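Hi there,

I'm passing a structure on to you, and my notes on it follow below. Please have a look at it first, then read on.

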Amino acid sequence: LVGEAAHSGTDLAAALLTFAVLRIAMRPPDAEHQYGHDKAQHLAALGEGTFMLVVSAAIAVQAVVRLIEPGRHEVRATWWVFAVMGLVIAIDAGRVLTLSRAATRHNSAALRATALHFASDALGTIAVIAGLVLVAGGFQRGDAVAALVVAALVVLAAGRLIAENANVLMDRAPAGVEERVRTAVAAAE
């Protein structure tokens, strides 16, 4: 739960970063930025991905400590914790759907990055619920195992986010584009 809370705590920072960057990205080209400011979104997505990696490392460290010393931290899986986790999943699902639609509509890397971040939140919450089910069944280390799953999910989401946006910033051509251009040029001749 602490790991999921830390991960969810990054949501406010991600939302504020996205809001600030979208304001920058919408600026028209100027003398210093002849191609516009759109790549600010990709820089922000790299920052968000890096921040997600830091959070996942902190979650993983705490999980390993709890696996090594299981008696020091007691976890209680009460009904209200499950109810709160269900509510969290519903909220995350709504945010992912709304942000994904907006990202598609506006072709926004920053909104897409935030949607991916919230999707990893929802998957992390499902892992937390699974860990709590294990705890309720008598396996106290289930919570720490779930925290490691949350950390792994965050690392995967962050890695994807960083790779996609680094490729855009490096102006990497999409797979097969050269062949399609050659075919189009040959057909036009």
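**Helix 5 and its surroundings**

Helix 5 is 28 residues long and spans 40 Å from its first C-alpha to its last, close to the 40 Å expected at 1.5 Å a residue (1.5 Å times one less than the number of residues; helices are DSSP runs of H or I, at least four residues, numbered from the N terminus). This is a predicted model, where local features need pLDDT of at least 70 and side-chain atom pairs pLDDT 80 or more, while totals for chains, interfaces and linings use all residues. Residues are numbered from 1 along each chain as its sequence is written, and side-chain values use heavy atoms, without hydrogens and water.

Buried residues of helix 5 include Gly142, Ala146, Val150, Val154 and Leu161 (buried: under 20% relative accessible area, 1.4 Å probe, protein chains only). After helix 5 comes aspartate 171, with a positive phi near 55°.

Which residues have the most contacts inside the largest nonpolar core? They are Met52, Ile59, Met85, Val128, Leu132, Val150 and Leu161, in a core of 21 residues (buried Ala, Val, Leu, Ile, Met, Phe, Trp, Tyr and Cys joined through side-chain atoms within 4.5 Å). Helix 2 (40-68), helix 3 (79-106), helix 4 (109-136) and helix 5 (142-169) each supply at least two residues of this core, and helix 5 gives the largest share, seven residues. Another core, also of seven residues, lies apart from it and includes Leu99, Ala102, Ala103 and Ala115.

Enjoy exploring!

Terms used
Buried < 20%, exposed > 50% of the residue type's maximum accessible area, 1.4 Å probe, protein only.
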